[in-house]
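Please look through the model shown here, with attention to backbone angles and charged side-chain pairs. The questions that follow take these topics in turn.

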Amino acid sequence: MHVSVVGSGYVGTTVAACFADLGHEVTTVDIDEDIVAAINDGEAPIHEPGLDPLVSVYGGDRLRATTDYDAIRETDLTILALPTPANDDGSIDLGPMQAGAQSVGDALADKDGYHLVVVKSTVVPGTTEDTLAPIIEDASGKTAGEDLGVAVNPEFQREGSAVDDFMEPDKIVLGTDGDDRALDLLAQLYEPLVAQWDTPVVETGHREAEMIKYANNAFLAAKVSLINDLGNVCKEYGVDAYEVADAIGKDDRIGGKFLRSGVGWGGSCFPKDLAAIIQHARAADYEPRMLQAAVDVNDAQPERLLSLLDEHVAADGKRIAVLGLAFKSGTDDTRNSRAIPVIEGLQERGADVVAYDPVATLRERFPDIEEADSAAAALDGASGAVVVTDWDEFATLDAEFDAMAEPVVVDGRRIVRRREGITYEGLTW
């Protein structure tokens, strides 16, 4: 098939490269000329494991990029993978999606015959039907269900493993409201994956598909917050929360995934999606107490991490190392990283903060803190260290701790090995 993807961020670039690897011809559309040039030169515009090889092989060939929306007229279907950032009240900002829908509609006005537009961005229930589809219809002069198809196909890709998650999906959700032509095109699009992995395909309506994505992320976020809450209780009674989690994870009603307690979740999805669905629920006069509790527990974890440091180090005027700036290992994304409130808390305590991350930086947000070029350099002379991201290299740290002025380590990810010669505190163990 010939597929167009509007948007070349974390989702759009990964989706485009993976579809090219499945044998489709892919054209990406983005307003950023530097991103377009990078893709055509075979260079991935973002850091994501497994993405560089795909873009280097297919970029400029089976995977092409352009700033011209007219290119979508030559494609079989168009995927909208534009950002939906959060407004101050937690609701999503549909500005980029609305602008993209308008441009897609304008381009399709000069195309004869049926064209399918697929919403892959995360939007609250009703958005596609009530907002995006009417924009495309008005701009294109086409009618949804006749010469225009509109579908919802949410992504379930984690940063740091997005390529693997796409290539070996747990499920594929197709929201078409019963449009057979849309279902046929999407079946062709995903046929290589379904054939290889016998992947479950969920055929449903637009609103149900939109809600499935929020429900998925809300459930996982709540699971993490629940194990963190239990972990906090474990810590108070000298119980190793990880041994508890290993045991309860063997219950097939619970499962072992997302039971690693620690400093909490961040990134672009969980915080934004929880805020959006909470706000959407309140707009309908329903108070989602469990979802709000998940957010509250998560927001409290960085301060609990720092409170453990306070028990051993008076941070005022002391050099404190922050190990990890990305919201999770395997990515350079720092959106809603737990390192942000940790650094803010250390600055409030008067600490001299030095940070290290293998690929991520927070220089724009914290221009006054030192960012070391290695974990050893960050730890050298430090009176304390807090571990925020579970990069594999932190598991191999050993002699580096000997260079600390006060070898106090508070581990928020259970990645550092407890050893003699350091004062070690685990957040929930």
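Q: In this predicted model, is D177 buried, partly exposed or exposed?
A: D177 lies in the loop between β7 (172–175) and α7 (180–197), and its phi is near 55 degrees, a positive value in a residue other than glycine. Buried would require under 20% relative accessible area and exposed over 50%. Because the relative accessible area of D177 is 47%, D177 is partly exposed.

Q: How many residues apart are D240 and R414?
A: D240 and R414 form a salt bridge in which the closest N and O atoms are 3.0 Å apart. The pair links distant parts of the chain, with D240 in the loop between α8 (206–236) and α9 and R414 in the loop between β13 (408–411) and β14 (423–426), and their separation is 174 residues.

Q: Is D333 buried, partly exposed or exposed?
A: D333 forms a salt bridge with R335, the closest N and O atoms being 2.8 Å apart, and R335 counts as partly exposed at 40% relative accessibility. The cut-off for buried is under 20%. Because D333 has 4% relative accessibility, D333 counts as buried.

Technical notes:
Residues numbered from 1 in each chain as written. Predicted model: local features only at pLDDT ≥ 70, side-chain atom pairs only at ≥ 80, totals over all residues. Heavy atoms only, no water. Helix = DSSP H or I, 4+ residues; strand = E, 2+ residues; numbered from the N terminus. Buried < 20%, exposed > 50% of the residue type's maximum accessible area, 1.4 Å probe, protein only. Salt bridge = Lys/Arg side-chain N within 4 Å of Asp/Glu carboxyl O.
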